[in-house]
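Here is a short briefing to read alongside the coordinates. Have the viewer open, and let's go through it together.

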Amino acid sequence: MIDRNPRRPTSRAGGLQEGAPVLVDTFGRTATDLRVSLTDRCNLRCSYCMPPEGLDWLPKPELLTDDEVVRLVGLAVRELGVTEVRYTGGEPLLRRGLPGIVRRTAELEPRPRISLTTNGIGLDRLAGPLAEAGLDRVNVSLDTLDRDTFRRLAHRDRLDDVLAGLVAARAAGLDPVKINAVLLRGVNDHEAVLLLRFALDHGYRLRFIEQMPLDAQHGWTRKDMITADEILDRLAEGFTLAPDIEHDRGSAPAETFTVDGGPATVGVIGSVTRPFCGACDRVRLTADGQVRNCLFAVEESDLRGALRGGATDAELADRWRKAVWVKRAGHGIDDPSFLQPSRPMSAIGG
Ligand SMILES: Nc1nc2c(ncn2[C@@H]2O[C@H](COP(=O)(O)OP(=O)(O)OP(=O)(O)O)[C@@H](O)[C@H]2O)c(=O)[nH]1
Ligand SMILES: C[S@@+](CC[C@H](N)C(=O)[O-])C[C@H]1O[C@@H](n2cnc3c(N)ncnc32)[C@H](O)[C@@H]1O
Ligand code: SF4
Ligand code: SF4
């Protein structure tokens, strides 16, 4: 059984093992799930993520090139024990080289599992090529089924594109196709049952996400957040849910529940009120080549500078190990001293 509560270090005595083929921290957690942001840009403006006017995007020369991404991902897979690579952003489908990056990731030995988190815009065109390149599965964000609500929430009229992307993902054989939904009070929180009905009807796996303090505008408030408990209450108005005891959750953020006796399930990602940091297996690489050991990290380790300065693979791996070693117990949102990271979610890689 995994202890999900951040706990005190069991032992720092052994210290960081130089050259070890793993990314381990002082709490004994091992990072095997690498989330790579391919761009901080986006074609939507979800209000829980960025302001309507957008952000100052990273200058192109600061972004890792396709070759640099593949070199670092290859290093993580071969030398550091990473087994799952997720491409995200910003909006990863805006990265022109994505199919090539996926293809080269699929050629790595040992071959990692490859997934994508996307808003779905453009997936109608790209799902086939990405599946062919080796993408295994996809998570698509969809917060509402109502066109006006979509426009209000994401500041763009693109609901039909997202729905077409979902259809194409399934047709391309990506499996599973998951949907991520954030509920906002007074905006789309009346749609929980509708969204689940839609997902069940189409064979998508829906997860509801608690809103986290990671928006660029720093507008998050605890009282406005729809909690995991509230999500479950709203779903109970249309379905009978029960904890999914048959499947081990492992280190997954989503707690799953069977719907109306199963086998269909729904997930709830309660990052704030039901944190899962004690089982965390994640590490992140930003589009500008910084290692972040946590979504909420306030410090980063610069791999791009080292790489462009001529560092060897062994030196880069050493830097990466040191960055993960000092990972904190958890996000600390409840600590009075909590500071929201200066990078917003879109620039971290959600
Ligand atoms: N606290 C926390 N939340 C995370 C982390 N990674 C993802 N999430 C939350 O989970 C949501 C969905 O993320 P996805 O990119 O779909 O990834 P995932 O849920 O890990 O994906 P699966 O492996 O398919 O279960 C994000 O929007 C975040 O709210 C993390 O490292 N920490
Ligand atoms: C940052 S986005 C990047 C990938 C892609 N643009 C998308 O929307 O799926 C990844 C995930 O983070 C979620 N997200 C963004 N801001 C969030 C916040 N403040 N709290 C919780 N989840 C958030 C989105 O709903 C999305 O599912
Ligand atoms: S959540 Fe994803 S789609 Fe929405 S603005 Fe952020 S990066 Fe873009
Ligand atoms: S908040 Fe940090 S420690 Fe907690 S699960 Fe996310 S990345 Fe891991």
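Is V283 buried or exposed? V283 counts as buried, at 1% relative accessibility; buried means under 20% relative accessible area, exposed over 50%, and partly exposed in between, with a 1.4 Å probe and protein chains only. Please keep in mind that this is a predicted model, where local features need pLDDT of at least 70, side-chain atom pairs count only at pLDDT 80 or more, and totals for chains, interfaces and linings use all residues. Residues are numbered from 1 along each chain as its sequence is written, chains are lettered from A and ligands numbered from 1 in the order in which they are written, and side-chain values use heavy atoms, with hydrogens and water left out.

**Overall fold**

- The chain has ten helices and twelve strands; these are DSSP runs, with helices as H or I of at least four residues and strands as E of at least two, numbered from the N terminus.
- With a radius of gyration of 20 Å, close to the 20 Å that the globule rule gives for 350 residues, the chain is as compact as a globular protein of that length. The radius is taken over C-alpha atoms, and the rule is 2.2 Å times the number of residues to the power 0.38.
- Along the principal axes, the C-alpha atoms fill a box of roughly 55 × 45 × 40 Å.
- Of the 350 residues, 56% count as buried.
- Among contacts with a separation of 6 or more, 73% come from residues 24 or more positions apart; contact means heavy atoms within 4.5 Å.
- The accessible surface is about 15,600 Å², and 50% of it belongs to carbon and sulfur atoms. The method is Shrake-Rupley with a 1.4 Å probe, and for residues only the protein chains shown count as cover.

**Annotated domain and binding sites**

- An unreviewed UniProt entry gives "domain: Radical SAM core" for residues 26-252; UniProt positions follow the numbering used here, feature names are shortened, and annotations may be inferred rather than shown by experiment.
- That span is 33% helix and 15% strand, and its end C-alpha atoms lie 21 Å apart.
- One UniProt "binding site" feature (unreviewed entry) is placed at C42, C46 and C49.
- C46 sits in the loop between β1 (33-37) and α1 (66-79), is buried at 16% relative accessible area, and contacts L153 and A154 beyond its neighbours within four places in sequence.
- C49 lies in the loop between β1 and α1 and is buried at 14%. Not counting residues up to four places away, C49 touches D215, A216, Q217, M345 and S346.
- Another "binding site" feature (unreviewed entry) in UniProt includes R35, K178 and V283.
- K178 belongs to strand β5 (residues 177-182) and is buried at 15%; among the residues it touches are R137, R205 and R207.
- V283 is in strand β10 (residues 282-285), and its contacts include L34, R35, W320 and V324.

**Around ligand 4**

- The residues around ligand 4 are F276, C277, C280, R284, C294, L295, F296 and H331, each with a heavy atom within 4 Å.
- This shell has six nonpolar, one polar and one charged residues; Ala, Val, Leu, Ile, Met, Phe, Trp, Tyr, Cys and Pro count as nonpolar, Asp, Glu, Lys and Arg as charged, and the others, Gly among them, as polar.

**A look at I114**

- I114 is part of strand β3 (residues 113-118) and is buried, with a relative accessible area of 0%.
- Its contacts, leaving aside neighbours within four places, include V85, Y87, L135 and R137.
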